[in-house]
Amino acid sequence: MLSQQELKQQAADAALEFVEQVAGPDVIIGVGTGSTADLFIDGLARFKGRIGGTVASSERSAARLAGHGLKVLDLNDVAAMPIYVDGADEIDANLHMIKGGGGALTREKIVASVAERYLCIADESKLVQTLGKFPLPIEVIPMAREAVARAMAALGGQPRLREGFVTDNGNIILDVSGLSITDAPGLEARLNNLPGVVTCGLFAMPGADVALLATQNGIRRLDRGG
């Protein structure tokens, strides 16, 4: 039996095969945040000198990339990326995701929007039938905390402030439990339109393009629309 750590490594290694296919001196790779993304970053170190650089979705990932000698670029200086690689807290068969357990959801969403393809890397335990068992993170401007919390309660959620946590953007996070999300794109649009919400942790407009899910029997690949 492979451990969860070994499964995460398997998923990270599968994503590195995609990097091998697109690597080149002008190629920029988008990199996410989290424990599985950390393993991807460690493997990406072997591409030092073979790619043009990286864009990180958090200060944490930027520091890890730089620690391996990989060039980290400001997204404002990057026009296109072939792939963005990141994990997920939950993902469904439509490749809609809940993300933000690490608190980097806004920057993750921004960096992913510039990439041609989003590769989600995860172990098979993250694949769910219905999103919502994992509390949905929402990044909120501090003064809107209670207004957004009331709006989430009206939708049937139980919002809770992530105590002692401040995002890289200087905001707070509300983690909302008790949701059963059957229309992820619709809910994402609704929540992102709430005054004071920077972004919510639903990644469904669009979701991932490819999911590389590590199982005890190897990588299970899911493609959007496939």
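Helices here are DSSP runs (H or I, at least four residues), numbered from the N terminus.

I noted that this is a predicted model, in which local features need pLDDT of at least 70 and side-chain atom pairs count only at pLDDT 80 or more, while totals for chains, interfaces and linings use all residues. Residues are numbered from 1 along each chain as its sequence is written, and side-chain values use heavy atoms, with hydrogens and water left out.

I checked accessibility next: Arg64 is partly exposed at 33%, and Asp42 is partly exposed at 29%. Buried means under 20% relative accessible area, exposed over 50%, and partly exposed in between (1.4 Å probe, protein chains only).

I then examined Asp38 and Arg60, whose side chains form a salt bridge at 2.5 Å, N to O. Asp38 lies in helix H2 (residues 35-44) and Arg60 in helix H3 (residues 59-67), so the pair ties together parts 22 residues apart in sequence. Asp38 is buried at 9% relative accessibility, whereas Arg60 is partly exposed at 44%.

I also recorded a salt bridge between Glu59 and Arg107 at 3.2 Å, N to O. This pair joins helix H3 to helix H4 (residues 105-114), 48 residues apart. Salt bridges that share partners join Asp38, Asp42, Arg60 and Arg64 into one network.

Technical notes
A salt bridge is a side-chain nitrogen of Lys or Arg within 4 Å of a carboxyl oxygen of Asp or Glu. Helices (H or I, at least four residues) and strands (E, at least two) are DSSP runs, numbered from the N terminus.
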